[in-house]
Amino acid sequence: MVPLNKLSRPPLERMLRIHDELRRNTLPNCTKLCKLLEVSRKTVIRDIAFMRDRLDLPIEFDLAIQSYRYTHPVSSFPTVNVTEGELLALLVARRALEQYQGTPFHRQLEVAFEKLTGGLKERISFSPADELGSVSFKNIGLGKADLVVFNALSAAVLKQQEVEFDYRKPGESKVFRRRIQPYHLSHRENLWYLVGQDTERAGMRTFALPRITAVRMLHREFSRPPGFSPEQFFSSALGVMVGTGNHAVKVRFAPEVADRVRERVWHETQRITDLPDGGIELTVQLGALAEVERWILGWGPQAEVIGPPELRQRMGKAAKQLQAIYKS
């Protein structure tokens, strides 16, 4: 076995050390660098050639002082190489991030983005301002989430520790104290949700973060089931509502909106059938009907429920209620 002190440093670590010596102008030559890095002369020459030819660092050997030097100041080591197109993609991602101002992850993502692009500042020779001016993002109804609540719950998920919190169901004013084993945080339909095991109700539950208050970590550890999968948990939901049913939902869309329906993936189980008049029929398999009812109502008279009968009846009832509201 090779002694630990004889193992060669990774190439990036060696080149970062060479960069530091050059930046500080310590007059490094091959002999000095071989001793400093504990590698052969051949390795030092290969590393310097890579830094000069592949990373475009301004390295030259000065015969007058018999050492390597930077021909002009270099403030950062280019550990990341990107093409112009890749950089533009990063900047587009940066623009997309702006829509999440005020959400829990915004600051963390902003810091991460700065770290990714920080080493590139000395290597950029074009301005993407015009290109970015043609790109924008807009989501309607971005969810609100208290940063203190979000951080407490994310810590509980990562540490697998039980939590207690007050929770208010939608449309109700009364809050209830819940004790939960938090399994997962999910961002769905522009809102954060906590998925976990309700220890008192003995079942999996989903909680919207804006309705959670007074979170307390119980410091009681639990083990997340090895087979738990958020994708599987939400597989029967159109959005968030999981449900226990098994509904084959079939909706007929008029030709005027058929393309708009085709253009998106609404659910993993969806099947689309073209109709002779230019319309389509969309079929999905869902565990609950409340969400899909609201979604269908959003299409107005351009969508007709074909099945199941229960959903068709619910849509008829909703239509009568709307007619009563707007009859005047």
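Strands β1 and β2 make a hairpin in which four residues lie between the two strands, and within that turn Gln 66 has a positive phi of about 55°. Strand β1 covers residues 59–62 and strand β2 covers residues 67–70, and the two run antiparallel, joined by four bridges; two strands are said to pair if DSSP finds at least two bridges between them. Within this pairing, Glu 60 stands opposite Arg 69 in β2.

The model is a predicted one, in which local features need pLDDT of at least 70 and side-chain atom pairs count only at pLDDT 80 or more, while totals for chains, interfaces and linings use all residues. Residues are numbered from 1 along each chain as its sequence is written, and side-chain values use heavy atoms, with hydrogens and water left out.

A second hairpin is built from β3 and β4, with six residues between the strands and with Gly 171 in the turn at a positive phi of about 85°. Strand β3 (residues 161–168) and strand β4 (residues 175–188) run antiparallel and are joined by six bridges, and Val 163 stands opposite Ile 180 in β4. Strand β4 also pairs in the antiparallel sense with strand β5 (residues 191–198), over eight bridges, and His 187 stands opposite Trp 192 in β5. The hairpin of β4 and β5 has two residues between its strands, and Glu 189 takes a positive phi near 55° there.

These strands belong to an open sheet of five, ordered β6-β5-β4-β3-β7, in which the pairing is antiparallel. Strands β6 (203–208) and β7 (212–221) stand at the edges with a single partner strand each, so one side of each has no neighbour in the sheet. On average, and with direction ignored, neighbouring strands of this sheet are turned by 45° against each other.

The axes of helix α1 (residues 11–23) and helix α2 (residues 30–37) come within 11 Å and cross at roughly 130°. Helices α1 and α2 are therefore oblique to each other, given that angles under 35 degrees count as roughly parallel, over 145 as roughly antiparallel, 65 to 115 as roughly perpendicular and the rest as oblique. The contact, meaning heavy atoms within 4.5 Å, is made by Arg 14, Arg 17, Ile 18 and Glu 21 of α1 together with Lys 32, Leu 33, Leu 36 and Leu 37 of α2. These residues divide into four nonpolar, no polar and four charged, where Ala, Val, Leu, Ile, Met, Phe, Trp, Tyr, Cys and Pro count as nonpolar, Asp, Glu, Lys and Arg as charged, and the others, Gly among them, as polar.

Helix α2 also meets helix α3 (residues 41–53), their axes coming within 9 Å and crossing at roughly 105°. Helices α2 and α3 are therefore roughly perpendicular to each other. On the α2 side Cys 30, Leu 33 and Cys 34 take part, and they meet Arg 41, Val 44, Ile 45 and Ile 48 in α3; the residues of this contact divide into six nonpolar, no polar and one charged.

His 247 is found in strand β8 (residues 247–253) and, at 18% relative accessibility, counts as buried; buried means under 20% relative accessible area, exposed over 50%, and partly exposed in between (1.4 Å probe, protein chains only). Leaving aside neighbours within four places in sequence, His 247 is in contact with several residues, including Val 284, Leu 286, Leu 289, Pro 308 and Glu 310. Glu 304, in strand β11 (residues 303–307), counts as partly exposed at 35% relative accessibility. Not counting residues up to four places away in sequence, Glu 304 touches Lys 250, Val 251, Arg 252 and Arg 312.

Key
Axes are lines fitted to C-alpha atoms, for helices over the stretch in contact, and angles run from 0 to 180 degrees between N-to-C directions.
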